[in-house]
Amino acid sequence: PELLANHDVLGQAKTGSGKTLAFVIPMLDDLLRSEDALEGRPTRSIIISPVKELCHQITTVIQRLLQHINTPVNAHLITGGTKIKAEALTLKKGVSIVVATPGRLLDHMRHTKAWKWKQQVQWLTIDEADRVLMEGFQKEVDAILQLLADVPGGRTTALFSATMARGMSDLGRLSFSEAPQHITDVVYHKPAAPPLPPGMRPPAPPGAADGEAAEE
């Protein structure tokens, strides 16, 4: 709810807790409400994660959601290990949501001149922020935040971390435009299974012997 209201958020959540949807859905909701501002596909949202694999997972979640929506909003993965010229060409064509590792993102912000991000970014998310610091990306993230500091009209910022690691307070001071809402234990709860029809027994658990009734 805090992100849906465009409040800055500092969230503590374990890896694999389902927090990706916690920041992706409010971001998409906001971008889809302002599609008139997306003409030409300027970059409105940047998501930073420490490693390529996590960036790929986040991008996949966003793209799967966008498959069901008729919208110009798109998302693209920007990480090391790929051809930087091809990435630059994609950014020049227009990417609404950029998901990136810190080093490669900073490289493009400094050198990809035709990329429309300046004074455009309305959402910034740093996922696994404690790992970003532990992986040694403090200088890169500080530089990115300095480049984003002059975005007009404010920016919604979300930092998610498994722990409140050393350096998180400094990162927060640089990131947030207001006192953030603190959220702990972000967890995705799997929906309960629907009730079985009268007279039907639940299926046997995996590995149960043939003919063995499941425990009720």
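Helices (H or I, at least four residues) and strands (E, at least two) are DSSP runs, numbered from the N terminus. This is a predicted model: local features need pLDDT of at least 70, side-chain atom pairs count only at pLDDT 80 or more, and totals for chains, interfaces and linings use all residues. Residues are numbered from 1 along each chain as its sequence is written, and side-chain values use heavy atoms, leaving out hydrogens and water. The structure holds two salt bridges.

**Confidence**
- The chain's average pLDDT (the predictor's confidence in each residue, from 0 to 100) is 77, and 65% of the residues score at least 70.
- Residues 186-192 have pLDDT below 50; this stretch makes nine contacts (heavy atoms within 4.5 Å) beyond near neighbours in sequence.
- Residues 208-216 also have pLDDT below 50, with eight contacts beyond near neighbours in sequence.

- A salt bridge (a side-chain nitrogen of Lys or Arg within 4 Å of a carboxyl oxygen of Asp or Glu) joins Asp29 and Arg33 at 3.0 Å, N to O.
- Asp29 and Arg33 are about one helical turn apart, because they sit four residues apart in helix H1 (residues 19-33).
- Asp29 is partly exposed at 26% relative accessible area, while Arg33 is exposed at 66%.
- Buried means under 20% relative accessible area, exposed over 50%, partly exposed in between (1.4 Å probe, protein chains only).

- Glu87 and Arg104 pair through their side chains at 2.7 Å, N to O.
- Glu87 lies in helix H3 (residues 84-93) and Arg104 in helix H4 (residues 102-111), so the pair ties together parts 17 residues apart in sequence.
- Glu87 is buried at 4% relative accessible area, and Arg104 counts as buried at 15%.
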